[in-house]
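Colleague: I have the model open next to the sequence. Can you walk me through the fold?

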Amino acid sequence: MANEVLKVEHLEKYYQKKHVLHDINFSISKGEVITLLGPSGSGKSTLIRCLNGLEDFRNGEITFENKKVIPNEKNWQQLRQKIGMVFQSYDLFPNLTVLDNILLGPTKVQKRNVDEVKQEVDELLEKVDLLDYKNVYPRQLSGGQKQRIAIVRALALHPEFMLFDEVTASLDPEMVRGVLNIIQDLADEDDMTMIIVTHEMNFAQQIADRVLFLKDGSILEDTPGKEFFKNPATDQAKEFLQSMN
Ligand code: ADP
Ligand code: MG
């Protein structure tokens with residue numbers, strides 16, 4: 001496929017004997033936004049973690065920018081830098097300032113020029129309205145602010161692909177919009193390729209080019225966003241959408 005960023009073929013994942021992902025197949029092209037939806041325990045986080053090399057898998061293949069990804073291989077370390085990820089729990093280092101949290105990857109891992117990176121970080125912080133906070137420590141930030149910093153930290157590594165796993169799930173309601181707006185801007189302005197796991201159905205509907213609906217470790221639907229929300233093909237998806245209302 002033209003402009004294909006990532007392709008997953010026949011992926012099977014087990015935790016010991018527990019079979020949690022069954023024959024997962026899909027691909028995503030440049031600039032496309034997929035929302036990965038499904039009930040709790042359906043395997044969304046596991047799939048996201050497999051894509052980022054955080055989980056080994058038993059069978060199947062992941063191809064990232066036409067290169068096969070083999071978990072635990074050296075090239076994986078390099079590839080992973082191109083894939084940004086933000087989780088539900090903002091795992092900022094508590095003993096580093098906001099700025100140092102963000103600088104760590106680009107300067108220590110990617111060995112980029114510190115002044116250049118700082119300049120860029122200022123622009124990113126400005127964009128998420130947190131420039132005034134760059135010298136504070138994570139504990140001085142609200143949950144929503146921490147999550148915006150976690151996104152900036154991921155973006156500072158120049159990812160070609162972003163994974164978001166329920167990034168607003170542990171936020172107070174009034175913090176949610178600010179974080180979602182940043183992700184929306186990434187889709188609109190920067191044409192970022194993204195897979196987003198979310199329980200915010202209005203947001204999912206707004207942002208999704210495509211929906212993958214996962215249930216019990218299988219993809220039951222792979223549908224254009226508009227179609228999925230208007231007219232889901234499976235009873236399981238209908239039930240899911242009703243339960244989210
Ligand atoms: P979701 O993100 O959709 O809620 P998960 O990917 O977290 O689903 O979980 C999928 C299934 O795998 C669940 O049955 C869960 O209990 C199980 N699971 C998740 N992580 C582990 C683990 N580290 N060890 C064993 N089982 C796990
Ligand atoms: Mg999860």
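Colleague: Which strands form the open sheet with mixed pairing, and in what order?

Modeller: The order is β6-β7-β8-β3-β9-β10, 6 strands in an open sheet with mixed pairing. Helices (H or I, at least four residues) and strands (E, at least two) are DSSP runs numbered from the N terminus, and two strands pair if DSSP finds at least two bridges between them. The edge strands are β6 (83-86) and β10 (218-224), each pairing on one side only. On average, neighbouring strands of this sheet are turned by 15 degrees against each other, direction ignored. Axes are lines fitted to C-alpha atoms, for helices over the stretch in contact, and angles run from 0 to 180 degrees between N-to-C directions.

Colleague: Before going on, what are the ground rules for numbering and confidence?

Modeller: This is a predicted model: local features need pLDDT of at least 70, side-chain atom pairs count only at pLDDT 80 or more, and totals for chains, interfaces and linings use all residues. Residues are numbered from 1 along each chain as its sequence is written, while chains are lettered from A and ligands numbered from 1 in the order in which they are written.

Colleague: Back to the sheet. How do β7 and β8 run, and how many bridges join them?

Modeller: β7 (residues 161-165) and β8 (residues 193-197) run parallel and are joined by 5 bridges. Aspartate 165 has valine 197 in β8 as its bridge partner.

Colleague: And what does β9 pair with?

Modeller: β9 runs parallel to β3, with 4 bridges, and antiparallel to β10, with 6 bridges.

Colleague: How many of the residues of β9 are buried?

Modeller: 5 of its 6 residues are buried, so β9 is mostly covered. A residue is buried if 20 or more other C-beta atoms lie within 10 Å of its own, exposed if 12 or fewer, and partly exposed in between, with C-beta atoms placed from the backbone. Over the protein chain, buried residues make up 39% of the 245 residues.

Colleague: Which helices lie across that sheet?

Modeller: Helix α5 (residues 143-155) lies across β6 and β7, running at about 170 degrees to β6. Helix α9 (residues 235-244) lies across β3 (33-37), β9 (210-215) and β10, at about 80 degrees to β10.

Colleague: What about the antiparallel sheet, which strands are in it?

Modeller: That one is an open sheet of 4 strands in the order β2-β1-β4-β5. β2 (18-29) and β5 (67-69) stand at the edges with a single partner strand each, so one side of each has no neighbour in the sheet. Its neighbouring strands are turned by 25 degrees against each other on average, direction ignored.

Colleague: Where does β4 find its partners?

Modeller: β1 (residues 4-15) pairs with β4 in the antiparallel sense over 5 bridges, and glutamate 12 stands opposite asparagine 59 in β4. β4 (residues 59-64) is joined to β5 by 3 bridges, also antiparallel. There, threonine 63 has lysine 68 as its bridge partner. β4 and β5 form a hairpin with 2 residues between them, and glutamate 65 in the turn has a positive phi of about 45 degrees.

Colleague: Changing topic: which residues have the most contacts inside the largest nonpolar core?

Modeller: Leu36, Phe164, Met194 and Ile196, in a core of 67 residues. A nonpolar core is a set of buried Ala, Val, Leu, Ile, Met, Phe, Trp, Tyr and Cys residues joined through C-beta atoms within 7 Å. Leaving aside neighbours within four places in sequence, leucine 36 is in contact with residues including Lys44, Ile196 and Leu212; contact means that the C-beta atoms, placed from the backbone, lie within 7 Å.

Colleague: Lysine 44, buried or exposed?

Modeller: Lysine 44 is buried, because 22 other C-beta atoms lie within 10 Å. Lysine 44 is found in helix α1 (residues 44-51). Not counting residues up to four places away in sequence, lysine 44 touches Leu36, Gly38, Val197 and Leu214.

Colleague: What does UniProt list for residues 107-134?

Modeller: An unreviewed entry lists them as "coiled-coil region"; such annotations may be inferred rather than shown by experiment, and positions are given in the numbering used here, with feature names shortened. In the model, the span is 61% helix and 0% strand, with its end C-alpha atoms 16 Å apart.

Conventions:
Contact = placed C-beta atoms within 7 Å.
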